[in-house]
Amino acid sequence: MKTLQIALYPGDGIGVDVTEQAVRVLTALQQFEKEIQFQFTSFPWGYQHFRETGKLVPDNFLEVLRPFDAILLGAVGWPAEIADHLTLAPLVRIRQAFDQYACVRPAKLYPGLTSYLANKGPAEIDFVVIRENSEGEYIDNGGRFRRGTPDEIAVQTAIHTRRGVERILRYGFEMARTRRKKLTMATKSNAQRYAYVLWDEILEELSPQYPDVVAERQHCDAAIMNFVRWPERFDVVVASNLFGDLLTDLGGLLGGGLGLAPSCNVNPERNFPSMFEPVHGSAPDIAGKGIANPIAAILSAAMMLDHLKLPAAAQRIRHAVERTLSSGHKTPDIGGELTTGQMGNAVIQKLGDA
């Protein structure tokens, strides 16, 4: 039996609600996947920790997380009390310190759900956006000068390295080989002639090494338009940190809503733990009301199992989710009336059908 050490970082708001259901599903999964055993350790970090200690996380939080096999995150943020850029800071530190350079966010419309797009269904909406997660626009590089004066200046400089761009594109090519063998790179080289021309050149250099994958590039604004016009034309999309962040919220909506959108922050070399989280935020206005959709968190747990080389267990969860949704089980955000716990129950009941 394999015992997996999983760090739980439920965070704030509905992050706590949905993480509870993901853990329930993983616990129930052990009945069917006998070779797996989970040991969960929960860390009460976030807004409440801030209220008690003045810090969102302890000073040694990276050292605390480092020994775990994976991190399961709920959501962070309490905008009424703490600025978003402060609550997000520990997550950015995790991604960069643990070299989680691939943020993978599938956009898949499951049977039983209605698309936001006219005449588009599950057959047309099934793609993955891979976001470069370690550099780009989210490097803390810059500053503010002459604060509070009419002449105030803010400088934020994006950092793109050949190594960073090449490894995320290779990751995308390898994933495309396991899917429909098409890769689209979102760029903006018509306006950003240094950073994104570098992306273009590296794509041209790598493409001949993957002759079985059709590679193309689209400017990010065009890609956004084409996500809406022709989602069926996309398979694997690779983008910089900022562009990937923007594209994946749209992708989550096309897949039925952010309550259904999973993601992971992966260190492919497995030198550090990877982190798995729903795309949605903490939604403090509905926290604790029992109406949050836990499917995104549950599917993030399935992505965690894929990363931990347990594909059969991951597929069992995805099949259970698909059967749950196709049977008409829905939370309010997707037109139903089930509570968060009832949705978790419905998925657990379907686990044995695989």
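How do the residues of the lining of the largest cavity divide into nonpolar, polar and charged? There are two nonpolar, three polar and two charged ones. (Here Ala, Val, Leu, Ile, Met, Phe, Trp, Tyr, Cys and Pro count as nonpolar, Asp, Glu, Lys and Arg as charged, and the others, Gly among them, as polar.) Keep in mind that this is a predicted model, where local features need pLDDT of at least 70, side-chain atom pairs count only at pLDDT 80 or more, and totals for chains, interfaces and linings use all residues. Numbering starts from 1 along each chain as its sequence is written, and side-chain values use heavy atoms, with hydrogens and water left out.

**The cavity**

- The structure has one cavity of 30 Å³ or more, and the volume of the largest cavity is about 30 Å³.
- A cavity is a set of points, on a 1 Å grid over the protein atoms alone, where a 1.4 Å probe fits but cannot get out; lining residues have an atom within 4 Å of a point.
- For volumes, grid points are joined across faces, edges and corners, and the space filled by probe spheres set on the points is what counts.
- The lining is made up of Val-92, Arg-95, Gln-96, Arg-131, Asn-133, Tyr-138 and Asn-241.
- Helix H5 (residues 89-97) gives the most to this lining, with three residues.
- Helices (H or I, at least four residues) and strands (E, at least two) are DSSP runs, numbered from the N terminus.

**The sheet**

- Ten strands line up in an open sheet with mixed pairing, in the order S2-S1-S3-S12-S11-S4-S5-S10-S8-S9.
- Strand S2 (36-42) and strand S9 (214-219) sit at the edges with a single partner strand each, so one side of each has no neighbour in the sheet.
- From one strand to the next, the twist averages 25°.
- Two strands pair if DSSP finds at least two bridges between them.
- Strand S11 (residues 262-266) and strand S12 (residues 274-278) run antiparallel and are joined by four bridges; Pro-262 has Pro-278 as its bridge partner in S12.

**Helices against the sheet**

- H5 packs on the sheet, where it touches strand S1 (2-11), strand S3 (70-75), strand S5 (126-132), S11 and S12, and its direction makes about 140° with that of S12.
- Helix H8 (residues 220-229) lies across S5, strand S8 (182-187), S9 and strand S10 (236-239), at about 105° to S9.
- Contact means heavy atoms within 4.5 Å, while angles run from 0 to 180 degrees between N-to-C directions, with axes fitted to C-alpha atoms (for helices, over the stretch in contact).

**Strand S4 and its partners**

- In strand S4 (residues 102-108), five of the seven residues are buried (buried means under 20% relative accessible area, exposed over 50%, partly exposed in between, with a 1.4 Å probe and protein chains only).
- S4 pairs with S5 in the antiparallel sense over seven bridges, and three bridges join S4 to S11, also antiparallel.
- Cys-103 has the bridge partner Arg-131 in S5 and the bridge partner Asn-265 in S11.

**Residues in loops**

- Most residues other than glycine have a negative phi.
- Arg-146 has a positive phi of about 55° although it is not a glycine; Arg-146 is found in the loop between strand S6 (142-145) and strand S7 (153-156).
- Arg-146 counts as exposed because its relative accessibility is 54%.
- Val-279, in the loop between S12 and H10, counts as buried, at 14% relative accessibility.

How values were computed: On a 1 Å grid over the protein atoms alone, a cavity is a set of points where a 1.4 Å probe fits but cannot get out, and a pocket is an open set with protein on both sides within 12 Å along at least five of seven lines; lining residues have an atom within 4 Å of a point.
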